[in-house]
Amino acid sequence: MQRVFSGIQPSGIPQLGNYLGAIRNWVRMQADHECLWCVVDLHAITVWQDPQTLRRQTRELAAALIACGVDHRRHILFAQSRVRAHAQLAWIFNCVARLGWLNRMTQFKDKAGKDRENASAGLYVYPDLMAADILLYHATRVPVGDDQRQHLELANDIAQKFNHDYGSDFFPAIEPLILGPAARVMSLRDGTRKMSKSDPSDQSRINLADEADAIRLKIRRARTDAEPLPAEPAGLAGRAEARNLVGIYAALADLTPDAVLAEHGGKGFGAFKEALADLMVAVLAPIGAETRRLLADPGHIEAILAEGATRAAALADPILAEAERLVGFLA
Ligand code: TYM
């Protein structure tokens, strides 16, 4: 069975892009893979996090993942910082990755913005830690949204250079799995920007715990153009907002964009948005309710994460030990 790894930052309850681009695919892969699902708190602190908030959001995210169908019994759900080997392998990878490679990372440029001098060093070497997350388990398949593609290419470069430098074939190649019509969900307010938990406008995103009324209002207010929906996907060219809503609908209904437009082509956005909101509420309301139910017992969530960390560490430790031996550290 192939081993799968993926991670998500504990910046609160996930948004629809996290769900459709990643989490939903994670849940589906659980049937025929051995999976590790990681709440990446080490990645989160590359930008400032209030300690109390970080703790709360780590629990909230774990609860939301379980509510989405992450199976913490048959698979492993854990917080990154609780398995020390992540930071240890990341250090080795900091010494493998080249500055030139990191300089090309578009996410660093986006996140650091104009005030680059004031960004943390952690934000800069973030992709090295991500490579360590995956390779620490010799995981070969990584389901992510489209925005993580460049980081996974870098992880493969790191694995190859490590293998080459240390004359081994120790680290396997990673296959990014960027799946479905919603691998890049865009903001509801601006079809050229990614939907994101960190967008200042709550109207720009659907949060998995949003109540039905909030979901309906956000969809109704979502930016669109004045044309009716086209009959086929080619007609979405140059219409970023329309394309986004059709992609979201397709992913939620498990249809192709073709099939969605075969049904809704020719309609105005008023009717389409009503149908989309109904569908979204039907999919998300049970997830929100289950998340709230699980969060009523935070101790239980913490126990699940602690058990996951123990099981993850048992897989990671021998692989870290072998990497260290290859590097030349004393046993
Ligand atoms: P993060 O926390 O930003 O996002 C978690 C997952 O959600 C996907 N995603 C989206 N997909 C579609 N549309 C969107 N608007 C959207 N926004 C987010 C992301 O692509 C991701 O799959 N660096 C990673 C976390 C990470 C990781 C890893 C992932 C750390 N180590 C190892 C895979 C393997 C991140 O910040 O994801």
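The legends below describe close-up views of a predicted model. Residues are numbered from 1 along each chain as its sequence is written, and side-chain values use heavy atoms, with hydrogens and water left out. Because the model is predicted, local features need pLDDT of at least 70 and side-chain atom pairs count only at pLDDT 80 or more, while totals for chains, interfaces and linings use all residues.

View 1. The shell holds 27 residues, of which Gln9, Tyr126, Asp133, Asp147 and Val185 come nearest to the ligand; a residue is near a molecule if one of its heavy atoms lies within 4 Å of it. Strand E1 (3–8), helix H1 (16–29) and helix H7 (121–135) each supply at least two residues of this shell, where helices (H or I, at least four residues) and strands (E, at least two) are DSSP runs numbered from the N terminus. By class, the shell has 13 nonpolar, 10 polar and four charged residues, with Ala, Val, Leu, Ile, Met, Phe, Trp, Tyr, Cys and Pro counted as nonpolar, Asp, Glu, Lys and Arg as charged, and the others, Gly among them, as polar.

View 2. An oxygen atom of the ligand lies 2.8 Å from a backbone N or O atom of glutamine 9, and an oxygen atom of the ligand is 2.6 Å from an N or O atom in the side chain of tyrosine 126. In the side chain of aspartate 133, an N or O atom is 2.6 Å from a nitrogen atom of the ligand. Taken alone the ligand exposes 710 Å², and the protein buries 96% of that, the areas coming from the Shrake-Rupley method with a 1.4 Å probe.

View 3. A polar atom of its side chain lies 3.3 Å from the backbone oxygen of tyrosine 126.

**View 4. Two loop residues with positive phi.** Histidine 138, in the loop between H7 and strand E4 (141–143), has a positive phi of about 50° although it is not a glycine, and at 24% relative accessibility it counts as partly exposed. Aspartate 254, in the loop between H10 and helix H11 (257–264), is not a glycine either, yet has a positive phi of about 60°; at 48% relative accessibility, aspartate 254 counts as partly exposed.

Note on methods:
A polar contact is a pair of N or O atoms within 3.5 Å; within protein, one must be able to donate a hydrogen and the other to accept it, and residues adjacent in sequence count only if both atoms are side-chain atoms. Buried means under 20% relative accessible area, exposed over 50%, partly exposed in between (1.4 Å probe, protein chains only).
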